[in-house]
Amino acid sequence: MAGSSAQSSTAERIGYISRIESFSACHRLHSIHLSDEENKKVYGKCNNPNGHGHNYKVEVTVRGKIDAKTGMVMNLTDLKKCIEEVIMIPLDHKNLDKDVPYFTTVVSTTENVAVYIWDNMVKVLPPGLLYEIKIHETDKNVVVYRGE
Ligand SMILES: Nc1nc2c(c(=O)[nH]1)N=C([C@H](O)[C@H](O)COP(=O)(O)OP(=O)(O)OP(=O)(O)O)CN2
Ligand SMILES: [Zn+2]
């Protein structure tokens with residue numbers, strides 16, 4: 001019988017949906033927990049006092065039940081609004097270290113940018129939905145954070 005080995009139509013289905021946005025920002029890798037000499041040694045060219053810029057690409061993924069009535073894990077239009085509020089308004093065309101208070105004491109590595117986005121995204125999304133923040137800092141450097 002067709003579909004006999006498949007999940008029943010009433011079973012709960014879990015889906016992952018993602019939205020990708022890009023933002024441009026500049027920063028300098030410099031830790032307040034290291035001396036100037038150590039900063040130079042650890043971060044090299046990325047410790048340049050006048051900073052440098054990136055076109056970051058961020059992928060926000062949510063995981064959840066595919067609602068039987070709406071057919072959605074969540075409405076991607078709502079996810080777009082959350083990304084605007086949490087990522088685009090505070091970070092796009094900003095100096096991360098000077099314009100974003102969080103990075104006054106936290107070094108603006110892409111790992112920490114991902115943590116910043118995660119911590120703020122969980123505040124605006126329905127509970128338990130956020131699954132992953134993936135950031136392409138360059139075409140070659142990619143960071144994933146899952147809230148662990
Ligand atoms: N663990 C991390 N390491 C580094 C980070 C980071 O956020 N986390 N960031 C940097 C610099 O900010 C910058 O991203 C490095 O840029 P660059 O070396 O130019 O990037 P690419 O490797 O993609 O460029 P190449 O063409 O290979 O030079 C450094 N480390
Ligand atoms: Zn950088």
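Contact is taken here to mean heavy atoms within 4.5 Å. The structure described is a predicted model.

Under that criterion, helix H2 meets helix H4 through Cys82, Ile83, Glu85, Val86, Ile87, Pro90 and Leu91. On the H4 side, the residues in contact are Val113, Tyr116, Ile117, Asn120, Met121 and Val124. By class, the contact of H2 with H4 comprises 11 nonpolar residues, 1 polar residue and 1 charged residue.

H2 spans residues 76–91 and H4 spans residues 110–124. The two helices pack at an angle of about 140 degrees, and their axes are 9 Å apart. H2 is therefore oblique to H4. The crossing of H2 past H4 is right-handed.

Ligand 1 is surrounded by 13 residues. The closest of these are Thr110, Glu111, Glu137, Thr138 and Lys140. Thr110 places a backbone N or O atom 2.7 Å from an oxygen atom of ligand 1.

Technical notes: Residues are numbered from 1 along each chain as its sequence is written. Chains are lettered from A and ligands numbered from 1 in the order in which they are written. This is a predicted model: local features need pLDDT of at least 70, side-chain atom pairs count only at pLDDT 80 or more; totals for chains, interfaces and linings use all residues. Side-chain values use heavy atoms; hydrogens and water are left out. Axes are lines fitted to C-alpha atoms, for helices over the stretch in contact, and angles run from 0 to 180 degrees between N-to-C directions. Helices (H or I, at least four residues) and strands (E, at least two) are DSSP runs, numbered from the N terminus. Angles under 35 degrees count as roughly parallel, over 145 as roughly antiparallel, 65 to 115 as roughly perpendicular and the rest as oblique. A crossing is left-handed if the near helix is turned anticlockwise from the far one by less than a right angle, and right-handed if clockwise. Ala, Val, Leu, Ile, Met, Phe, Trp, Tyr, Cys and Pro count as nonpolar, Asp, Glu, Lys and Arg as charged, and the others, Gly among them, as polar. A residue is near a molecule or strand if one of its heavy atoms lies within 4 Å of it. A polar contact is a pair of N or O atoms within 3.5 Å; within protein, one must be able to donate a hydrogen and the other to accept it, and residues adjacent in sequence count only if both atoms are side-chain atoms.
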